[in-house]
Amino acid sequence: MMRFEPVIGLEVHAQLLTRSKLFCACSAAFGAPPNAHTCPVCMAFPGVLPVTNRQAVEFAIRAGLAAGSTIAPSSRWARKNYFYPDLPKAYQISMYEAPICIGGALQFSADGVEKRVRLVRIHLEEDAGKSIHDAQADASLVDLNRAGVPLLEIVSEPDLRSAADAVAYLRALRSILQYLEVCDGNMEEGSFRCDANVSIRPAGSDALGTRAEIKNMNSFRSVENAIDHEIARQIEVVSGGGRVEQETRLWDADRQVTRPMRSKELAHDYRYFPDPDLPPLVVDAAWVEKVRRELPELPAARRRRFETELGLSAYDAEVLTARRDVADYYEAALARHRNPKALGNWVMESILRIVREQKLDAELCIARWPVAPGDLADLVAAIDDGTISGKIAKTVFDEMVTSGKPPRAIIAARGLVQVTDSGAIASAVDRVLAAHPDKVSEYRGGKDKLFGFFVGQVMKATEGKANPKQVNELLKERLG
Amino acid sequence: MKLDLSSLTLATAAERLSRREISSRELTEAALETIARTDARLHAFLTVSADEARAQAAAADERLARGEPLSALDGLPLALKDVFSTRGVRTTAASRILENFVPPYDGTAVARLRASGAVFVGKTNCDEFAMGSSTENSAFGATRNPWDLTRVPGGSSGGSAVAVAAGQCLGALGTDTGGSIRLPAAYCGIVGLKPTYGRVSRYGIVAYASSLDQVGPFARDVRDAAILLEALAGHDPLDSTSARVAVPRYASALRAELGTLRVGVPREYFEEGLQPEVESSVREAIAVLESLGASIEIISLPHARYAIATYYLLATAEASSNLARYDGIRYGRRAGGAQNLAETYGRSRAEGFGAEVKRRIMLGTYALSAGYYDAYYGKAQKVRTLIRRDFDEAFARCDVLAAPTAATTAFALGEKLDDPLSMYLSDVLTISVNLAGLPALSLPCGVDGAGLPIGLQLIGKPFDELSLLGAGYAYEQATDWHSQHPPAVEQAP
Amino acid sequence: MKITRDDVRHVAALARLALSSEEEEKLAVELEAILGYVEKLGELDTEGIPATAHVLDAGPALRDDEVRNGPDVDGLLANAPDRSGSFFRVPKIIE
């Protein structure tokens, strides 16, 4: 039985975080009422002309430098011609023979293994508008707000060998783009989209098989399922003596299959040619150097720094640097109170949970997170200086989330200051032991498990405020 | 006092306005009255914007009364080829597909003239989407040459040329992609200027061929053309192909003396096919230049014979892409009763576009299509480089080149409609100029035996409109062709 | 270069022009003639000659990233052949 190896390449379209569109001064922001962010230029009225957004070009340079690509000193806008209602000019301004970034690579880890995927190119192009097909029975509705929003297209070489690796690559790429602040990486909102080119070949072969292009995968889970399904489908086809067709297939998330696109439209002949309305895009060495100087610390470097300078484990460093906003939050807290391990745990276990629960995960806005980094730092500081126990801290944290109040205020208002007076603890211990003489005998008789019972009773007697360490010590002392 | 606009120029009218001898209102009424009287025969206009014009004239008169004119053009009636986007005024590109289209914005050329106080009397007829050399390709009927109503005025900007030649306004704008200003200027006996590519913003003109289109003026004489150019020229942030080159004071720089102008005469433009009177008039004009002090040298443009082929591949390819937006979805004509999207596209476009436009879209699509790009479009782009180099070499030794604008005088309506290729060949003397992006001026230099005007073409170095206008002005001072008018057009019964 | 009816149909489809049968026939003849004429470019040796995509070097033309346009739905949709609220309306697109 022939063994097959999957060969996967990915094309990512990332919407850029510019204020205005790529070729006109309309807002590029998401969520406006239909056709509110339009003008004669992006609506392709007769006589209009495009003018390139400098910031979009700078974002492309940033991404290229982060990926180690060559930044082309001169690149060319090209027209990609086809008809569709959400493409107002009936051509998309893109780049064809001379893209702005050539080559490069992405390094990431998948299941603890370091992988490297080479890039073919990165280029700029404009997005199309949106068509809505289910609002009316016999008509589709067209909204051109998105038409002209800048996209970065990142094309990888077919270096991926599994669906899981593909997802790991996408996560790493998204993280980098978020770090660079060029894209917010929101797959559900469509600001980070992925198409996959999937083929198979006999294991050990060098040749490339016929590939199918898979579209319509709207989440990382879909990407993984779709690619796995497609690999299996292709293996079945070939094993059965058939041939894989070069075609575009859509992922159907409901039925969990890929199926060929229904419209048997003409094979696209895009008739690319250099756009005569736009001169060559010149990027000089000085500009590249300026962007290079201003590059933020990238995820991999930050992860390494968290491990070496802060002493975090590889796993913790990975989780805390996966998203730039999380890493920034963490370091802001750290600046206030330097306990990397404790703060790391609090961020991972509590903050990220709250953010997911409150569905803030999609929004890249630290200011909207319910607990300010300084307040989290103060909470950990209160544990570290003995004001409260770790257990009480959880209670305080819950109230910080709902009330937005700072920890010390909550501790004071609710009188949660830890009891550390050994006299007070000792008398609580004595009271508890006196109240349960039979259990004391059982414990002294060998039932060690009862220790936890006594600890619980002492905590209850002190309204949870007794310092646990002292409780343990005193109980051990009195129980013998 | 009935004003006859044909006896005025922009410059003389402005002078009389400033001396309060006449008002903008009077000039404008004269224009509107002439149009009303003559346009049934001439058909130069597609839209007459009388109310707007009167309002603009009233505002101009107020400014003039205060002694605060906005510019040398304040209060003067002009016409605009119907490819210029005018906010609130129908703009059709002489096509059924835009028959009822009203733009929501002004193009830059229009905005600059508006800001200068000019009065717009209306939108003029042209070949559909500027594709043609006779204005016969308009979806709304041909325009007639006032010198002989059975003849074409030239194209594609025929309406604008006629409006000026027949005294329906004092100046007009056209566009020139392969000769579309210069050819009608020559056929109608007036001045037409195609500026250097990038000199005037293209923002707002219905695009035909983006790397070739250029906006330019029609005028009664060279001084007027200089005045209009000055108002139009200059960098536009809305047009990425517009040049950042300072705008000289074209009008005040004009002198009657030529100085030591080196005039090159391209031998390829005097080879077969020239109507004898055209050749003799143009040679005579060159002799006048020589008598004014110019030195004349025969030069060669070896790739001239490839210009038409090059043009008809590049222009149509760009046009096929530029006209794809006319799909009946956001504006323009949508075919009734279309059952699905494919039909909406196919029928709207087939019904909305005329035969010549369809022909060029097909040709351009073919030239770009898979498998043919290198042989056609790619090849044409390289030949364009060779054509440009011919001019670069010529301009190493010359300041301007002189040639006829057209091989013949105006031909008869209907004469060339059966053979598209023969129509294309009328552009042979003008087309290389667009491929090389150079400025060129056509000015009247004679009439033939039938009394039809002949045009002298002067071609200049990039951004050297000064030399062109200077040479043209000096020639005008020494001759009288620019003062000739076509016979009065009688009112249609 | 021979241009057949099929060639014409293929190109017309790319250009979204629903030509009549007569138009197809006429265009086949006309295009063949015109393409025959333009083929004279093949006489020229253009090896090593760069293409002219832009006849003028206008210099960099980049725009600051500022939002300058406000909503104008009615103004921009005024010429729409078919609109539904603030949307353009087209015959149902089947994916």
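User: What conventions apply here?
Analyst: Residues are numbered from 1 along each chain as its sequence is written, and chains are lettered from A in the order in which they are written. In this predicted model, local features need pLDDT of at least 70, while totals for chains, interfaces and linings use all residues.

User: What is the secondary structure of chain C?
Analyst: Helices (H or I, at least four residues) and strands (E, at least two) are DSSP runs, numbered from the N terminus. Chain C has three helices and three strands, in the sequence order α-α-β-α-β-β.

User: Is chain C spread out or compact?
Analyst: The radius of gyration is taken over C-alpha atoms, and the globule rule is 2.2 Å times the number of residues to the power 0.38. For the 95 residues of chain C the rule gives 12 Å; the radius of gyration is 23 Å, well over that, so chain C is more spread out than a compact globule. The C-alpha trace of chain C spans about 55 × 45 × 25 Å along its principal axes.

User: How is the size of an interface given?
Analyst: It is often given as the accessible area lost when the parts come together. Here buried area is that loss with a 1.4 Å probe, summed over both parts. Chain A and chain C bury about 3800 Å², with 59% of it on carbon and sulfur atoms. A:Ala25, A:Arg54 and A:Phe83 lose the most area in chain A to chain C, together 14% of what that side buries.

User: How many residues does each chain bring to the contact?
Analyst: With contact meaning heavy atoms within 4.5 Å, 52 residues come from chain A and 33 residues from chain C.

How values were computed: Predicted model: local features only at pLDDT ≥ 70, side-chain atom pairs only at ≥ 80, totals over all residues. Heavy atoms only, no water. Buried area = accessible area lost by both parts, 1.4 Å probe.
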